Every structure is written in C-alpha cells, then in structure tokens.
Amino acid sequence: MTRVALLRLLAGFGPAWLGLPGPACAGEANPPRAVVELFTSQGCSACPPADRLVTELARDPGVIALTLPVTYWDYLGWKDTLASTSFTARQRAYASMRGDRQVFTPQAVVNGAATVVGSDRAALERSIRDPGTAASLPVAIHSEADPHRIVIDVGPAPEAGRTAEVWLLPVTRAREVAIGRGENRGRTVTYRNVVRGMHHVGSWHGAPARYEVPRTALTEADADSYVVVLQAENNGPGRILGAARGPGL
C-alpha cells in the first residue's frame, strides 16, 4: 500500500483532485503562524475548558484553531453528535508518529508537531510561540472560492527537498450542543471551527502549484467554511508547513 493510500484509509478521506501548475503565491495578508487541532469529546468532563480555549484562540488572526471530536468516549453513555472515527484515527496516527502513543482528551496538537493538554493555556501558548518546537508555517498558501470551485495556490518551499500533501477541511464555524447524558449531562457547549471531513487535494513537491477543487467538496453536514492544510507525511501525519482559512474564519 502506498503512503498516501494508507493515510486515506486511516482517516477515511475522500477522493483526491489533481494539482495543476500555477503561479507563485503571496499568501494571506496576515498569514497564520500556527494550526491548533483540539481532539475533544462531548463525553469528556475535562473537555469544556479546552473547548472554550479554542473559541478564544479562534479570535487570534495568527492562529487557525480547529475542533476534531473523537469517538472513543461514546461508550460512557452519550454518543458525541459531531465525532468521526477519522478524527480518532488521526489522533492515534499522530501518537504513533511521535512514538509516545499518548491519546487522550482534551489533547491539542500544534502544527502537527507539539502536543499539550488542550486546556493548559500556558503550555499551548508556549507551543504556539516557540519556533523550535512548532510555531512557523514556512510555505505561503492562498485560496479563493467561487460558486463552482475552490482555487488553492501553494508557494515554493523555503528549502530544497520538501514534499507534502494538500488537504481541504470543511468546517462548521460554530455549533451549540445540548448534552443529555454522560459526564457532561445538562451542559450546553458551543464548539468552534468543527472539522466536518478531510479531502486529499493533491501532492506538492516544493515548487509553486495550483489546485482546483469542486465546491461540492464542502457539502458535508453543516459546513459553512473551510481550511487548507499543507502537511508533510511519512506513513502518518507530520509537520504542517502551511495553512489558509476560508471565509469567516
């Protein structure tokens, strides 16, 4: 099985779209410096503080903060209404790549590299600021959407030999959930930037490239925006090299 095929199997990703040659990209006017992925669950009593922290981080123009609800606490009496087995697989793949096999909620991964307890504000902010561990998205990305397609321009690599994969993540910007059972019974939690799916767009080999994705890629559930992620991969998810946000994020 090829590397990309394995990744699609792990994460349940949809079909890939072929990258087309394109011009170099100037990126966003205020490009993000960090992508934060919060692995959370409606069935986890320790998660609401981390969910609130994601809401605060989402207001920072330099941070793309994402919520990825997982499934492994569903047995506690409440099935997470936003969770996906693909997010559970992604979290476990990160742990396997790190070699520590630590999977828990709330867990935050910064730029595909550093991992911290998702409710630990100080540790999370250090990871976002520290260029030696996680912070730094060296490849510029720009995206534009029209009624029929999303056009993604990925800039050049800062150094030779870089390769990565381009992913499109449909996102729901805000979702309020009343939790009826389990550890959070009676709570109403607002989740921000909830990932609703992941699509492999194409491979990137270090040169400027353009990709065109049908707008139908955003039809999952109640997605109302998207994020583009450029991520190095070697039998699993690695360092995130670039990212761009869609409208309203």
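The protein chain contains four helices and 13 strands, where helices (H or I, at least four residues) and strands (E, at least two) are DSSP runs numbered from the N terminus. This is a predicted model, in which local features need pLDDT of at least 70 and side-chain atom pairs count only at pLDDT 80 or more, while totals for chains, interfaces and linings use all residues. Residues are numbered from 1 along each chain as its sequence is written, and side-chain values use heavy atoms, with hydrogens and water left out.

**The chain as a whole**
- Of the 249 residues of the protein chain, 53% count as buried, a term that stands for under 20% relative accessible area, with exposed over 50% and partly exposed in between (1.4 Å probe, protein chains only).
- Among contacts (heavy atoms within 4.5 Å) between residues at least 6 apart in sequence, 71% join residues at least 24 apart.

**Helix α2**
- Helix α2 (residues 48–57) is largely enclosed by the rest of the structure, because seven of its 10 residues are buried.
- The buried residues of α2 are Pro-48, Ala-50, Asp-51, Leu-53, Val-54, Thr-55 and Leu-57, and they pack against β2 (34–40), β3 (63–69), α4 (121–129) and β9 (188–195).

- Leaving aside neighbours within four places in sequence, Leu-168 is in contact with residues including Ile-150, Met-198, Val-213, Tyr-226 and Val-228.

**Cavities**
- The structure holds two cavities of 30 Å³ or more, a cavity being a set of points, on a 1 Å grid over the protein atoms alone, where a 1.4 Å probe fits but cannot get out, with lining residues having an atom within 4 Å of a point.
- The second largest cavity has a volume of about 50 Å³, a volume being the space filled by probe spheres set on the points, which are joined across faces, edges and corners.
- Lining the second largest cavity are Ala-58, Val-63, Ile-64, Ala-65, Asn-193, Val-227, Arg-245 and Leu-249, and β3 gives the most to this lining, with three residues.

Technical notes. 1 Å grid on protein atoms, 1.4 Å probe; cavity = no way out; pocket = protein on both sides within 12 Å on 5 of 7 lines; lining within 4 Å.
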